[in-house]
Amino acid sequence: MWRSVVSSSERTLRMADPTVRPISAADITTWDYEADVVVAGYGIAGVTAAIEAARAGAEVLVLERTGGWGGAASLAGGFIYLGGGTPLQKACGFEDSVENMKTFMKAALGPGTDDTKIDAYCEGSVDHYNWLVDAGVPFKESFWGQPGWEPPYDDGLMYSGGENAAPFNALVDPAPRGHVPQMSEKKTGEQGGGYMLMKPLVETAEKLGVRAEYDLRVQTLVVDGDRVVGVVAKRYGKDVAIRARKGVVLAMGSFAYNNEMVRSNAPRIFGHPAASIEAHDGRAIQIGQALGADTAHMDATEVAFFCDPQLMVRGILVNGRGQRYIPEDTYPGRIGQATLFQQDNQAFLVIDEAAYDEGMNAESSSAQLRAQPTWVAETVEELEAEMGLPAGSLQSTVDLYNRHAAEGSDPVLGKKSEWVKPIVGPFAAIDLRGRTGGFTLGGLKTTVDSEVLHVSGAPIPGLFAAGRCTSGVCAGGYASGTSLGDGSFFGRRAGISAAR
Ligand SMILES: Cc1cc2nc3c(=O)[nH]c(=O)nc-3n(C[C@H](O)[C@H](O)[C@H](O)COP(=O)(O)OP(=O)(O)OC[C@H]3O[C@@H](n4cnc5c(N)ncnc54)[C@H](O)[C@@H]3O)c2cc1C
């Protein structure tokens, strides 16, 4: 069908993968499929791009590697990070403003945030909420205020980024921005909020005439001069060529499951992918790079911390030297990042018996992350000895914590008074060393209109991208909902730009 572009020197270098390189359109003799806009990947970025491209009048074809739509998005808990005064925030009695949302996101998601993207995202957030609702995504007007990874029931709104915890609650008035589509029978990983987001969006796309081809794995880009005019994919071992008359949108997810890329770019999560799927193999990034595309924040990762927040909030988290390092009532993903990035993945939860029992009985969406104490002791001195901590280290931490906790305050790290109580015996500690995992946040560098940027700084004609194969609103920090959030927000923009 087309000539191989593999040179003899590449054939000898078997570690190299020449198939990522672009193919010239002149070498394609038959196009198997054709559309105005070709979208690679039918997850959140792909479906939103497809809808907007179709609404702009384009004929749209989505190519999906697996046997069905959904991607990581349909397995997700479903948080979508939205704010600035959405109808759901208002219905639940919260005030928010675009400026407060921007301030929080720039402070919490850096360092090095793309402020143009965050500005657009915050300014368009209420409109984006309404767009999702119009497309059939349901949100229940109720707020879940307990510590947790997600609401355990079908509540629509929750804090999902540490907005109401130190240091951010002192920086800007907090507002919850984790919006969760309502599910009838919550089953995270099966039919959770992410599925309830994807299902109506795919139905909307289908009504607009978007076509989809499954079991089709996009391999590389086809170019005519410097313009992207299609892709080549594999189906059951055979090459398939797909022509894009107007543009190609890459929406194939992150590189969390590409060991080589993770080792080179984000080694701290090497061997510990979480909240991701194997199809996130970095291919979109590689085929963009092979065309000269720039990347951003390839070292940034979301970090899950495998412990139930209902327990963490009631104890103190200490590092390998017995010292506290983070307010325990903050977003658990922030705890994960602090533990992995700054504490060498060393963490212990120290908690007294009464607080442990209370935490074990509290309602939670992540009861499976609760653990039996690893060590128990009548005194802190005995506990720290059993844990192998330097003598006096945990004792002085507990003494200092208790001294201020007696007055209900935590001047050291700013845990909110509602969660501050002196720790009294009997004492327990849960070993949380190495209990982290995550997914990558870096990827192709795109404009605010989702054009993929060449290293020269100019957009690559015909090539657009969104979702976790791009660098979005998170440059280093993370808040739950920002992936489905920026994937859908900039996915829409990718569709509009590609159809233009
Ligand atoms: C259990 C779990 C919980 C999560 N909870 C949340 C949450 O609450 N909020 C949040 O914001 N994020 C959450 N996430 C993360 C979020 O789901 C992803 O980061 C997000 O879906 C990324 O969007 P995407 O469009 O880039 O990728 P996806 O939604 O995964 O879509 C990518 C699609 O591309 C397909 N694909 C890959 N390679 C190819 C190829 N070569 N050719 C054709 N198709 C290809 C994939 O099969 C997939 O269908 C969660 C993830 C998981 C797994």
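**A walk through the model**

Mentor: Let us begin with S497, whose place is in helix 16, and keep in mind as we go that this is a predicted model.

Trainee: Okay, is S497 buried or exposed?

Mentor: S497 has a relative accessible area of 7%, and because buried means under 20%, S497 counts as buried.

Trainee: And what does S497 touch, leaving out residues up to four places away in sequence?

Mentor: With those left out, S497 touches D449 and F464.

Trainee: Switching to the ligand, which residues come nearest to it?

Mentor: There are 36 residues around the ligand, and of these E64, A72, H280, R468 and L484 come nearest.

Trainee: Which element gives the largest share of that shell?

Mentor: That is helix 16, which supplies three residues, the largest share of the shell around the ligand. Helix 2, strand 8 (217–224) and helix 16 each supply at least two residues of that shell.

Trainee: What about polar backbone atoms, which residues place one by a nitrogen atom of the ligand?

Mentor: V218 has a polar backbone atom 2.9 Å from a nitrogen atom of the ligand, and for G77 the distance from a polar backbone atom to a ligand nitrogen is 3.2 Å. An oxygen atom of the ligand, in turn, is 3.2 Å from a polar backbone atom of A73. On its own the ligand has 990 Å² of accessible area, and the protein covers 94% of that.

Trainee: Back to helix 2, why is it called largely enclosed?

Mentor: Eleven of its twelve residues are buried, so helix 2 is largely enclosed by the rest of the structure. The buried ones include I44, G46, T48 and E52, and among the elements that cover them are strand 2 (33–40), helix 8 (193–207) and helix 16 (482–499).

Trainee: How far apart are its end C-alpha atoms?

Mentor: They are 17 Å apart, which agrees with the 16 Å that the twelve residues of helix 2 (residues 44–55) should span at 1.5 Å a residue. Just after helix 2, G57 takes a positive phi of about 100°.

Trainee: Last one, which strand pairs with strand 17?

Mentor: Strand 12 (residues 301–305) pairs with strand 17 in the antiparallel sense, over five bridges, and A304 has G437 in strand 17 as its bridge partner. Strand 17 (residues 436–440) is itself mostly covered, with five of its five residues buried.

Definitions and conventions
Residues are numbered from 1 along each chain as its sequence is written. This is a predicted model: local features need pLDDT of at least 70, side-chain atom pairs count only at pLDDT 80 or more; totals for chains, interfaces and linings use all residues. Side-chain values use heavy atoms; hydrogens and water are left out. Helices (H or I, at least four residues) and strands (E, at least two) are DSSP runs, numbered from the N terminus. The expected span of a helix is 1.5 Å times one less than its number of residues. Buried means under 20% relative accessible area, exposed over 50%, partly exposed in between (1.4 Å probe, protein chains only). Contact means heavy atoms within 4.5 Å. Two strands pair if DSSP finds at least two bridges between them. A residue is near a molecule or strand if one of its heavy atoms lies within 4 Å of it. A polar contact is a pair of N or O atoms within 3.5 Å; within protein, one must be able to donate a hydrogen and the other to accept it, and residues adjacent in sequence count only if both atoms are side-chain atoms. Accessible areas come from the Shrake-Rupley method with a 1.4 Å probe; for residues, only the protein chains shown count as cover.
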